[in-house]
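Subject: Structure for your files, with notes

Hello,

Here is the structure we discussed.

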Amino acid sequence: LAEALIRVAARRQDAERPKKTAGQILAFWGVKGGAGVTTLASNFAIALRRHAEQEVALVDLNLELASRYLDAGNTAKAISVLEPMSKAKDVRAEVVLRLGYAKLLAGELDAADALLTRAYLAAMKDPADWRTRGRARLNQAQVALARGKKDDAKKLVKDAYAAGPVVKAGGENEKLLALFTEAELKALQAKTGVVKVKESVAVSD
């Protein structure tokens, strides 16, 4: 009888405990790096947390480009992930580009410039890899501007425009675009166009 009472009491306690709601898994997947999947997932997670009033976990299972580390401002960790990969024989130009960008953020301008040049030259071998070429030139323009070489920066921005629509208005590109007159910008935009984006709640790549 005692054992039966204990079992009944245990069942009653289980029934009185608040039931846990099962979580839901949403997967964001892109066919190519640099397509904005990380940015989309980050913004979605933040928006969901704000509106659903429940805990949200954001898990990035593609650490190859160290996007989450860079978005979080953890440049040292991003470099530690990307640096060994950049030494591989068949490394993708995009990986070298990201390492160059991380070095730029870390203030290592010489190393950044060398890596970005390497990424640009590697991307030249693939006509479809215009995004990497454009971003490499754009990041090199930021290096030139940091060195006070405004003319070089302008030339590199023009090269970035020539590659494709990789120049986003605002953010870290604001100082670069400020180097141009309104007429010069219109001439560049007539070729490829500046991609104007609304301010997002998470850091964009």
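The notes below go from the overall fold to single residues.

This is a predicted model, in which local features need pLDDT of at least 70, side-chain atom pairs count only at pLDDT 80 or more, and totals for chains, interfaces and linings use all residues. Residues are numbered from 1 along each chain as its sequence is written, and side-chain values use heavy atoms, with hydrogens and water left out.

Overall fold

The protein has 10 helices and 0 strands, so its pattern along the sequence is α-α-α-α-α-α-α-α-α-α. Helices here are DSSP runs of H or I with at least four residues, strands are runs of E with at least two, and both are numbered from the N terminus. Of the 205 residues, 32% count as buried. Buried means under 20% relative accessible area, exposed means over 50%, and partly exposed is in between, with a 1.4 Å probe and protein chains only. The accessible surface is about 13500 Å², and carbon and sulfur atoms hold 55% of that; the areas come from the Shrake-Rupley method with a 1.4 Å probe, and for residues only the protein chains shown count as cover.

A contact means heavy atoms within 4.5 Å. Among contacts with a separation of 6 or more, 56% are between residues 24 or more positions apart.

Confidence

The predictor's confidence in each residue is the pLDDT, from 0 to 100. Its mean over the protein is 81, and 80% of the residues reach 70 or more. Helix H1 (residues 2-16) has the lowest confidence, with a mean of 66, and helix H6 (residues 109-123) the highest, at 96. Residues 193-205 have a pLDDT below 50; in the model this stretch makes 30 contacts beyond near neighbours in sequence. Where pLDDT is low, the predicted coordinates should not be read in detail.

Nonpolar cores

A nonpolar core is a set of buried Ala, Val, Leu, Ile, Met, Phe, Trp, Tyr and Cys residues joined through side-chain atoms within 4.5 Å. The largest one has 20 residues, and Leu70, Leu82, Leu97, Leu99, Leu104 and Val143 have the most contacts inside it. At least two residues of this core come from each of helix H4 (75-86), helix H5 (93-105), H6 and helix H7 (130-146). H5 gives the most, with 7 residues. Another core, of 16 residues, lies apart from it and includes Ala141, Ala144, Val157 and Leu177. In soluble globular proteins, nonpolar side chains tend to be buried together.

Leaving aside residues up to four places away in sequence, Leu70 touches Leu65, Ala78, Arg98, Tyr101, Ala102 and Leu105. Of these, Arg98 lies in helix H5 and is buried, at a relative accessible area of 7%. Its C-alpha is 9.7 Å from that of Ala112, a residue 14 positions away in sequence.

Rings and charges

Rings of Phe, Tyr and Trp (its six-membered ring) pair if their centres lie within 6.5 Å; planes under 30 degrees apart count as stacked, over 60 as edge-to-face and the rest as tilted. By this rule there is 1 aromatic pair. The ring centres of Phe28 and Phe44 are 5.5 Å apart and the planes are at 55°, so the pair is tilted. Phe28 is in the loop between H1 and helix H2 (37-52) and Phe44 is in helix H2, so the pair ties together parts 16 residues apart in sequence.

A charge sits over a ring if NZ of Lys or CZ of Arg is within 6 Å of the ring centre and within 35 degrees of the ring normal. Arg137 lies over the face of Tyr120, 3.6 Å from the ring centre. Lys154 lies over the face of Phe180, at 5.2 Å.

Other residues

Asn173 is in the loop between helix H8 (150-163) and helix H9 (174-177) and is buried, at 6%. Residues up to four places away aside, Asn173 touches Leu138, Gln142, Val167 and Lys168. Arg135, in helix H7, is buried at 13% relative accessibility.

Regards
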